[in-house]
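Please look over the sequence and the three-dimensional structure shown below, and keep both at hand while you read the paragraphs that follow.

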Amino acid sequence: MFRGIYRGRRLHADDFVQVMQRARRAGVNRMIVTAGNLKDCRRALDLVRNDGELFTTVGCHPTKCSEFEKYKDGPEAYFKALKTILTSPEAKNKVVAIGECGLDYDRLFFCPKETQIKYFERQFELAEMTGLPMFLHDRNTGGDFARMIKQHRTRFNMGVVHSFTGTAEDLKRHLELDLYISINGCSMKTEENVKVAAMVPLDRLMLETDGPWCDIRPTHASFKHLANMTEQQRDLYKPEAKSKERFEIGFMVKGRNEPCTMG
């Protein structure tokens with residue numbers, strides 16, 4: 001979407017350069033480009049390799065785990081290809097986490113539960129092999145995610161549950177497993193979400209945009225907390241936006257989150 005392409009259709013000009021300019025103007029100096037499958041891993045590494053302020057991850061998102069079994073040379077070849085990226089010279093000092101990986105039971109229409117579990121488990125091997133932290137995804141898994149983390153907790157050092165939208169009980173389980181908790185706009189849609197987010201200990205809390213997704217929208221319970229922003233803060237962290245149909249270089253795109261909103 002930062003290239004002007006939405007669901008395979010070009011709707012406006014590539015404005016990636018302007019997105020990065022807004023981010024740096026807002027004080028965002030280092031960014032992680034999250035990968036979600038083998039193709040993403042390769043493209044992300046190509047994007048970040050020559051930029052000292054960009055980094056990436058290697059792993060397979062739960063909703064993409066069917067790709068292991070659909071891969072032309074089979075699941076082991078897919079897994080080996082991930083390992084090859086991780087051990088390549090280009091990955092050194094550029095790949096900073098394993099993921100995004102985990103479980104997502106809200107979107108089983110993309111990938112069955114059994115397949116998600118099978119290939120989430122395989123990715124602990126990548127963390128163990130590299131010593132890298134894990135960038136984790138947990139969505140409505142009824143405790144399955146926590147049970148798998150507990151089973152494999154000695155295989156990785158650090159981990160963060162990103163885009164956290166769980167309950168107070170989910171939060172308690174994650175903290176007991178010594179995980180970090182990362183929140184964004186999607187983490188604060190309802191008053192209950194906001195209440196749970198406020199329970200995260202500061203020494204376990206991380207913030208993220210998850211751009212181009214997960215912006216804070218007017219329908220979110222957290223939106224009212226933006227009312228006290230100064231004009232200068234709005235200019236830096238929430239610049240004027242136009243719809244993608246009325247796109248104009250130099251403006252944000254409505255509904256497309258950006259790194260500059262980190263402020």
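Lys72 is exposed, with a relative accessible area of 71%, where exposed means over 50%, buried means under 20% and partly exposed means in between (1.4 Å probe, protein chains only). The side chain of Lys72 meets that of Asp73 in a salt bridge, with 3.0 Å from N to O, and Asp73 also counts as exposed, at 52% relative accessibility. A salt bridge is here a side-chain nitrogen of Lys or Arg within 4 Å of a carboxyl oxygen of Asp or Glu. In general, side chains of opposite charge can pair when their charged atoms come close.

This is a predicted model, in which local features need pLDDT of at least 70 and side-chain atom pairs count only at pLDDT 80 or more, whereas totals for chains, interfaces and linings use all residues. Residues are numbered from 1 along each chain as its sequence is written, and side-chain values use heavy atoms, with hydrogens and water left out.

The structure holds 23 salt bridges, and one of them joins Arg3 to Asp14, with the closest N and O atoms 3.0 Å apart. Arg3 lies in the segment before strand S1 (5–6) and Asp14 in the loop between strand S2 (9–10) and helix H1 (16–25), so this pair ties together parts that are 11 residues apart in sequence. Helices (H or I, at least four residues) and strands (E, at least two) are DSSP runs, numbered from the N terminus. Arg3 is partly exposed at 36% relative accessible area, and Asp14 is partly exposed at 35%.

A salt bridge can also be found away from the surface, as Asp15 and Arg22 are both buried and form one with their closest N and O atoms 3.9 Å apart. These two residues belong to a network of salt bridges that also links Arg256 and Glu258. Arg22 is among the buried residues of H1, together with Phe16, Gln18, Val19, Met20 and Ala23. What covers the buried residues of H1 includes S3, H2, S4 and strand S11 (252–253).

Helix H2 (residues 38–48) has Leu38, Cys41, Ala44, Leu45 and Val48 as its buried residues. Seen down the axis of H2, they fall within an arc of 125°, so they line one face of the helix; the arc is that of the directions from the helix axis to the C-beta atoms. The exposed residues Lys39 and Arg43 sit on the face of H2 turned away from its buried side. The buried residues of H2 pack against strand S3 (31–33), strand S4 (54–58), helix H3 (66–70), helix H4 (75–86) and strand S5 (95–104), and contact means heavy atoms within 4.5 Å.

Several of these strands belong to an open sheet, in which seven strands run in the order S3-S4-S5-S6-S7-S8-S9 with parallel pairing. The edge strands, S3 and strand S9 (205–207), each pair on one side only. Two strands pair if DSSP finds at least two bridges between them, and S4 and S5 pair in the parallel sense over three bridges. Helix H5 packs on the sheet, touching S5 and strand S6 (134–139), and its direction makes about 160° with that of S5. For such angles, axes are lines fitted to C-alpha atoms, for helices over the stretch in contact, and values run from 0 to 180 degrees between N-to-C directions.
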